[in-house]
Amino acid sequence: KTKKLAEQEIAGLSSDAMPTLIDRFSTFADNLPTGHSKGHIERDLISSIIFQQDPDVVKLDDAERLVGILGGIFHDIGNSVVDRYEETKRFCSHAEVSAYLFGEVAKDIIPENLMKLVQFSIAAHTHYLEKIPVAIDVDGKEITRVKKPYDVDLIGENKAGVWLTQWADRLDAQGFIIFIRHSLTRMKPAESYASDH
């Protein structure tokens with residue numbers, strides 16, 4: 001139902017929506033940390049556009065394709081305001097922060113239903129597969145919350161935008177670029193859900 005409404009909203013998008021979004025997020029992009037920098041966003045933007053030429057992606061509806069582009073570009077924007085490698089110390093990961101930030105900055109550009117789909121694709125781009133308990137000291141009391149995996153299973157072509165977002169992110173973790181990104185990121189010790197260091 002949300003996607004059908006989002007498809008109707010696409011026709012009403014301003015022709016300058018994308019340049020306006022890129023301009024509004026420029027300060028955040030300029031303040032991204034090493035490893036998830038402006039270059040990562042730019043490469044993900046290029047990948048997201050290239051994906052649109054894939055014969056299987058061309059068959060998707062406009063909502064999924066647009067969600068994939070917007071999610072592909074803005075999925076890591078939250079790293080400009082939270083430390084990407086302190087996720088074990090926060091209830092929200094960088095992905096949820098990115099989704100929230102996107103919603104706040106773009107709320108007058110992206111209509112409600114399309115926004116829901118884009119925010120979901122951004123929040124779900126990490127694709128964590130296991131429940132993750134997080135214990136945090138709040139006012140001297142330890143509080144534990146369990147982060148649950150997002151349901152990103154395809155239903156027909158529904159949720160394809162999430163997968164396009166993940167593909168853009170993962171494509172920038174291939175070949176020589178991941179060696180550089182990983183080396184720069186590990187200049188200081190870091191914790192993540194995927195490793196013990």
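Reader: How many residues does the largest nonpolar core have, and which have the most contacts inside it?

Author: In soluble globular proteins, nonpolar side chains tend to be buried together. A nonpolar core here is a set of buried Ala, Val, Leu, Ile, Met, Phe, Trp, Tyr and Cys residues joined through side-chain atoms within 4.5 Å; buried means under 20% relative accessible area, with a 1.4 Å probe and protein chains only. In this predicted model, local features need pLDDT of at least 70 and side-chain atom pairs count only at pLDDT 80 or more, while totals for chains, interfaces and linings use all residues. Residues are numbered from 1 along each chain as its sequence is written, and side-chain values use heavy atoms, leaving out hydrogens and water. The largest core has 28 residues, and Leu21, Phe25, Phe74, Phe102, Ile110 and Leu114 have the most contacts inside it.

Reader: Which elements give two or more residues to this core?

Author: Helix 1, helix 2 (17–24), helix 6, helix 7 (94–106) and helix 8 do; helices are DSSP runs of H or I, at least four residues, numbered from the N terminus. Helix 6 gives the most, with seven residues. Another core, of six residues, lies apart from this one and includes Phe51, Val57, Leu60 and Ala168.

Reader: What does Ile110 touch?

Author: Leaving aside residues up to four places away in sequence, Ile110 touches Leu13, Leu21, Leu70, Phe102 and Met115, where contact means heavy atoms within 4.5 Å.

Reader: Which helix gives the most to the lining of the second largest pocket?

Author: Helix 8, with four residues. Helix 1 (2–10), helix 6 (62–74), helix 8 (112–123) and helix 9 (160–171) each supply at least two. A pocket is an open set of points, on a 1 Å grid over the protein atoms alone, where a 1.4 Å probe fits, with protein on both sides within 12 Å along at least five of seven lines; lining residues have an atom within 4 Å of a point. This pocket has 15 of them, with Lys3, Glu64, Leu117, Asn158 and Lys159 nearest its centre.

Terms used:
Buried < 20%, exposed > 50% of the residue type's maximum accessible area, 1.4 Å probe, protein only.
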